[in-house]
Amino acid sequence: MDEQSPDRVRAGWAPFLQEGRRVVIRSAIDRSRSPHGESMTDALGTVIATDEESVTVMTRRGDVRVPRVLIIATKEVPPPPVRRVRDAAP
């Protein structure tokens, strides 16, 4: 029988959920409190804090604390694309 590490079997745990990593986290939300009846939401940004109960992600709209028990899926993502600045016409 193949044994798994405890972090791999607990909800909301992945080896890349570490400070400084850019991730997207999909988590469950209360459908009755969401504006359009959604049951999930995403947080895209850089992990700034982790503890036994939550992961905090710095997003463009501010810091988002996601309880680990509500995490449905997560993955590490590459850095955002660099926006090109167009040259101004003379």
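What is the volume of the largest pocket? The points below answer this and follow the sheet around the pocket.

1. Basis. This is a predicted model, in which local features need pLDDT of at least 70, side-chain atom pairs count only at pLDDT 80 or more, and totals for chains, interfaces and linings use all residues. Residues are numbered from 1 along each chain as its sequence is written, and side-chain values use heavy atoms, with hydrogens and water left out.

2. Pocket. The largest pocket has a volume of about 540 Å³. Of its 22 lining residues, Ala43, Leu44, Thr59, Arg60 and Arg61 are the closest to the centre. A pocket is an open set of points on a 1 Å grid over the protein atoms alone, where a 1.4 Å probe fits, with protein on both sides within 12 Å along at least five of seven lines; lining residues have an atom within 4 Å of a point. The volume is the space filled by probe spheres set on the points, which are joined across faces, edges and corners.

3. Lining. Elements giving two or more residues to the lining of the largest pocket are β1 (22-28), β2, β3 and β4. β2 gives the most, with five residues. Strands here are DSSP runs of E, at least two residues long, numbered from the N terminus. By class, the lining has 12 nonpolar, four polar and six charged residues. Nonpolar covers Ala, Val, Leu, Ile, Met, Phe, Trp, Tyr, Cys and Pro; charged covers Asp, Glu, Lys and Arg; the others, Gly among them, are polar.

4. Sheet. Five strands form an open, antiparallel sheet in the order β4-β3-β2-β1-β5. β4 and β5 (71-76) are the edges: each has a single partner strand, so one side of each lacks a neighbour in the sheet. Neighbouring strands are turned by 40 degrees against each other on average, direction ignored. Axes are lines fitted to C-alpha atoms, and angles run from 0 to 180 degrees between N-to-C directions. Two strands pair if DSSP finds at least two bridges between them.

5. Pairing of β3. Strand β2 (residues 40-50) runs antiparallel to β3, with four bridges. The two form a hairpin with three residues between them. On the other pairing, six bridges join β3 to antiparallel β4 (residues 62-67). That hairpin runs through two residues. Val57 stands opposite Val64 in β4, and Ser54 has Pro67 in β4 as its bridge partner.

6. Thr56. This residue lies in β3 (residues 54-59). Ala49 stands opposite Thr56. Why is Thr56 classed as buried? Its relative accessibility is 16%; buried means under 20% relative accessible area, exposed over 50%, and partly exposed in between (1.4 Å probe, protein chains only). Leaving aside neighbours within four places in sequence, Thr56 contacts Thr46, Val47, Ile48, Ala49, Asp63, Val64 and Arg65. Contact means heavy atoms within 4.5 Å. β3 as a whole is mostly covered, with five of its six residues buried.

7. Glu52. The loop between β2 and β3 holds Glu52. Glu52 counts as exposed because its relative accessibility is 56%. Not counting residues up to four places away in sequence, Glu52 touches Arg10, Trp13 and Arg68. Glu52 and Trp13 are 39 residues apart in sequence but 9.4 Å apart in space, C-alpha to C-alpha.
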